[in-house]
Amino acid sequence: MNRFLLPLVVVLIIIPIFVMGLRSDPSALPSQYIGKPAPEFSLPTLADPTKTFSSEDLKGQVSLVNIWATWCGGCRTEHPFLMELARSNTIPIYAINWRDNRPAALSFLEQLGNAYVASGFDEDGRVGIDWGAYGAPETFLINSEGEVVYRFTGPLDRVFWEQEFVPRIAELVE
Amino acid sequence: MMARLIAVLTFLSLSVSVLAIDSEQAFDDPVLQARYEKLVAEVRCVTCQNQNIKDSNAFIASDLRREIRRMIGEGKSNDEIKDFLVTRYGDFVLYRPRFEGKTLVLWIAPFLLVLFGGVALVRVVRHRMALPMDDEPGSNGGLQ
């Protein structure tokens, strides 16, 4: 039955494509910086405007960069887990405080604890845009060359940590 | 009656400009303003993905509008501005993706599909035309 062969082949090709389409999250935007140097920036720190936190600080160690803000509900949700991570001394966590208000951000950290080695204060949101952030929270894994290895969007928790970050960090530290 | 209708329509048309997200004129120069309006209509809001940044009141949309205003003000070309956006957010951020390697399939797939359909159509029609017609005398519709 030769005339059924072609349609059959076409269907067999199309079905896996459809299945892939159903499984992928259409709203997830891949970061454009995977495997590339983290975007350069230099920001005043949240705690002390006379000090700066810059992309240079990210070199020479494996670290996390967390984009957060007090207006972001997910940031509040993930904060206890970030605190837990910070206490375990697994990895230094840096932050970009995105489009926020300094007193509000400082009181957030005072109430919930400061998980960050340093927080850059990105008042007008330019650095967030440079990082390709489209929401908060976003968490970037940075290698010791200062390159972006992975980006996670949404509130981070232990399950995602074990699943997405732990294996990647193990690879980097080797 | 007519006067009332006109009054209602007038007020309705006024309300549109009140609700507009990006109502402030960005540039005095009409050429720059036109470029700005065209660009913001073509850039996707990255958090509210089925809207352009012109119609979105998400803060990231207003930030991107501000960046586009800044770059136009600095005399950057449309291509440079699109480069800025694509470097950060990928091709997805442009409603009209550029014609290049990664987006090639987006641009040529519709034409390929039409071509494929056309070829299939011609083949089917030719095949059917070659068949004897049912109501032709002599073929008698397969009846004995």
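**View 1. Contacts and burial across chain B.** In chain B, 36% of the contacts with a separation of 6 or more are between residues 24 or more positions apart. The model shown here and in the other views is a predicted one. Of the 144 residues that make up chain B, 15% count as buried.

**View 2. Helices and domains of chain B.** Chain B contains five helices and zero strands, and its elements, read along the sequence, follow the pattern α-α-α-α-α. The domain assignment of chain B gives domain 1, covering residues 24-98, and domain 2, covering residues 99-130. Taken over C-alpha atoms, the centres of domain 1 of chain B and domain 2 of chain B are separated by 34 Å.

**View 3. The surroundings of Leu85(B).** Leu85(B) lies in helix H4 of chain B, which spans residues 78-89. This residue counts as buried because 24 C-beta neighbours fall inside 10 Å of Leu85(B), where the cut-off for a buried residue is 20 or more. When residues up to four places away in sequence are not counted, Leu85(B) touches Val43(B), Val93(B) and Leu94(B). Between the C-alpha atoms of Leu85(B) and Ile68(B), which are 17 residues apart along the chain, the separation is 9.3 Å.

**View 4. The contact between chain A and chain B.** Chain A contributes 11 residues to the contact and chain B contributes 13 residues. Sorted by class, the side of chain A that touches chain B consists of four nonpolar, five polar and two charged residues.

Methods:
Residues numbered from 1 in each chain as written. Chains lettered and ligands numbered in written order. Predicted model: local features only at pLDDT ≥ 70, side-chain atom pairs only at ≥ 80, totals over all residues. Contact = placed C-beta atoms within 7 Å. Nonpolar A, V, L, I, M, F, W, Y, C, P; charged D, E, K, R; others polar. Domains from an automatic or database assignment. Helix = DSSP H or I, 4+ residues; strand = E, 2+ residues; numbered from the N terminus. Buried ≥ 20, exposed ≤ 12 C-beta atoms within 10 Å, placed from the backbone.
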